[in-house]
Amino acid sequence: MEKELKYIDIVEQPISMHPKKFALWLFLVTVVMIFAALTSAYIVRQSEGNWLEYELPEIFWVTSGIVLLSSVTLQWSYVSAKKDNFVSLRLGMLLTVLLGIAFLVGQWYSWIALVDRDVFFVGNPAGSFLYVFTGLHALHLISGVIFLIIVLISTFRLKVHSKSLNTMEMATTYWHFLGGLWLYLFMFLLLNH
Amino acid sequence: MATASVAHHDGAVHDHHDHEHHDNFITKYIFSTDHKMIGKQFLVTGIFWAIIGGFLSILFRLQLGFPEMNLEFLRPLLGGWIDEGGKLDPTFYLALVTMHGTIMVFFVLTAGLSGTFSNFLIPLQIGARDMASGFMNMLSYWFFFLSSVIMFISLFIKTGPAGGGWVVYPPLSALEQAIPGSGLGMTLWLVAMTFFIASSLLGGINYITTVINLRTKGMSFSRLPLTIWAFFLTAVIGLLSFPVLFAAALLLVFDRSFGTSFYLSDIYVAGEALPNTGGSPVLYQHLFWFLGHPEVYIVLLPALGITSEVIATNSRKPIFGYKAMVVSMLGITILSFIVWAHHMFVSGMNPFLGSIFMFLTLIIAVPSAVKVFNYLTTLWRGNLIFTPAMLFSIGLVSFFISGGLTGIFLGNSAIDIQLHDTYFVVAHFHLVMGSASFFGLLAGVYHWFPKMFGRMLDARLGYIHFWLTFVGVYMVFFPMHYIGIAGFPRRYYSWTNFEFSNMYTDLNMFVSVAAIITFAAQFIFLFNFFYSMYRGRKATQNPWRSTTLEWTTPIEPGHGNWPGEIPTVYRWPYDYSKPGAAEDFIPQTVPLSQTPESNLPHEQELVKLELEIMKDEAEVLVANESKH
């Protein structure tokens, strides 16, 4: 029914951003909206009283440090990719993946710390919210780690270099965003718990 | 300009050359990445849901209009939901109302409307080969399909589908023991909605990216057809509001299945105290309506965009106030996010907050009135051609006015105390959001059917369909205003036992009969749709003598839309009946330099610039040709 068409020309792109990168930014907007909804729900609920007071697990300071460090290593790796320095590119990526996993383990220990001080997922919403924040963020972070591992594998296939940075740039954007998101959540909790 | 177009020979280009088109049945009709096929998939699925959703409403209208009726004849279909005495089961009635709302709002008027026309029209009208990501687009449809399957299965389970109303307010929806409809049906509802949200977001991200990144040469934002503006802003609204529904649903899932207390506090069910403390059901309402209100505009804006296009084309006049239309749509987009609490005036919210939301709500009347004014002034003294699409568009304007006016009543927090949760509300939103959007959907199908299937819909059947539906809709919803003002509450299974409502038997019977006739009239359309797909009159390339880009493609465009180069755009999309021009329309692809007889003074000045650009591009083209 439909005819085969031959193409001779080129898709014009009025703005210079790669469509996939642009789509990633839009995806980040949706993640922002989810957490904006949850954190504002937290404030609304908190203002109604009957709110459990407890200390935040100290390990959050450690995991925040880890996530900051992982952003630094990834940035280093990205700069290396720009300069076609493959050894430090791979090393940086590997470090970032390991730090990402370390962060997730740290978040797990924060849950153990919460249980130790009798703050459970089931109970007063003050505690439940904390589990939801950390859990949902960890879920996104796992997707980020998977993304990084995919990029890491492609660095070994020499698919990431100064002329082909799109995937690498997207992974970097996503990872920095997730780190920033965690820092926002942590600050928010420090200010509002 | 020249360097820019040479520089972009990477990425997206090669995708097209790489996979040569060896379409088999599966890649062409099922796992298609062609935006046109995906649009048609959304349309057909939407039509399927519209039949189901409409049929469910007929079932509960039977109960409301004929409370004494013996429904034994429905037993083969509904089985145990018809009791011994031939009456509809009350819990199933609640499920019917819930599912009717859910299906119509999300599956028909969001996926069926936005999904169909954003997919189908965005690349065609902006001059793109396809969406930014065909794969994501395919995924969007298949998430929607999965969501549909789950929601459909929930209709047939033993405890019945979700029954807490389409807004699924906790604690009713959170406690399985509350009503049968809060059991497995509710779980399936939440799972289905999760997939639906994923589908909407995938689609929305694609629409926005495509509109921003893939417009053809010359297609500036000020030359976009109003349909594209509408789809674009709809996608923006969806992108910002659907994640919030996801957050609300997530917390509801935790409350239902994990025992948390986000929305639950101090509840007794059947004399037994539940352990949940500290939750807030109003919290859910805030989160839900932060999506729920923008959702109204997700449903309505595409219909308004389609109407702009159809009315301008069939009035043979430029749309009146193009910029005002864009600005008012932008205004509606922004306002839609800051009015949600007008759904909660009687939920125990601070009355001062109510006054603020009332004020913001009433402001929406301004951009809405601007739009109505522009539709009417476009029609004013135009050379009207009453195609079925045109009739449905005018019908939309009618519903938008009559349903919009009652919105001003409901937006007042004091009057809302009387009218809240009555049939007045039902009448209001069925006119302004339900019927208006549905008419936009139908107008779009009638208008773009030739582009979708290469054949024309039968106009005579279209006229019959229009008049039956138009009159039918008013006969169904107009009387509801009266019973609503009298205090008749919505969602009630039985009303004959109450002093204040038992005198409305005749009115309810009238409404039910009108509903059945209106529903039956839709089968005329269904016949027309499927018959014309195969047997309809063959379409010409530009049957409505329209200016926009989709009519410059072949009658049945292949994957890639234009054989050869994508056309360049030289003018806005509404050059109808331009004084001096030979024809009463000038397509967007005609350069100003070719129409000196009809150019306005400021356009004549642009001709020189245009000729320069064209000269540059001819050089680039020659350079490209030698490369290939």
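Across residues 59-79 of chain A, the chain in this predicted model is 100% helix and 0% strand, with the end C-alpha atoms 30 Å apart. Residues 22-44 of chain A are likewise 100% helix and 0% strand, and here the end C-alpha atoms lie 33 Å apart.

**Annotated range and domains of chain B**

- UniProt, again in an unreviewed entry, places the feature "domain: Cytochrome oxidase subunit I profile" at residues 25-570 of chain B, and over that range the chain is 65% helix and 1% strand, with the end C-alpha atoms 39 Å apart.
- The domain assignment divides chain B into domain 1 (37-220), domain 2 (280-453 + 455-486) and domain 3 (543-627).
- Taken over C-alpha atoms, the centres of domain 1 of chain B and domain 3 of chain B are separated by 41 Å, and the contact between these two domains takes 10 residues from domain 1 and 11 residues from domain 3.
- On the side of domain 1 of chain B that touches domain 3 of chain B, there are four nonpolar, four polar and two charged residues.

**Nonpolar core**

- The largest nonpolar core contains 208 residues, and those with the most contacts inside it are Phe232(B), Ala248(B), Leu287(B) and Ala436(B).
- Helix 9 of chain B, spanning residues 226-257, gives the most to this core, contributing 23 residues.
- When neighbours within four places in sequence are left aside, Ala248(B) is in contact with Tyr284(B), Leu287(B) and Phe288(B).

Key
Residues are numbered from 1 along each chain as its sequence is written. Chains are lettered from A and ligands numbered from 1 in the order in which they are written. This is a predicted model: local features need pLDDT of at least 70, side-chain atom pairs count only at pLDDT 80 or more; totals for chains, interfaces and linings use all residues. A nonpolar core is a set of buried Ala, Val, Leu, Ile, Met, Phe, Trp, Tyr and Cys residues joined through C-beta atoms within 7 Å. A residue is buried if 20 or more other C-beta atoms lie within 10 Å of its own, exposed if 12 or fewer, and partly exposed in between; C-beta atoms are placed from the backbone. Helices (H or I, at least four residues) and strands (E, at least two) are DSSP runs, numbered from the N terminus. Two residues are in contact if their C-beta atoms, placed from the backbone, lie within 7 Å. UniProt positions are given in the numbering used here, feature names are shortened, and annotations may be inferred rather than shown by experiment. Domain bounds come from an automatic or database domain assignment. Ala, Val, Leu, Ile, Met, Phe, Trp, Tyr, Cys and Pro count as nonpolar, Asp, Glu, Lys and Arg as charged, and the others, Gly among them, as polar.
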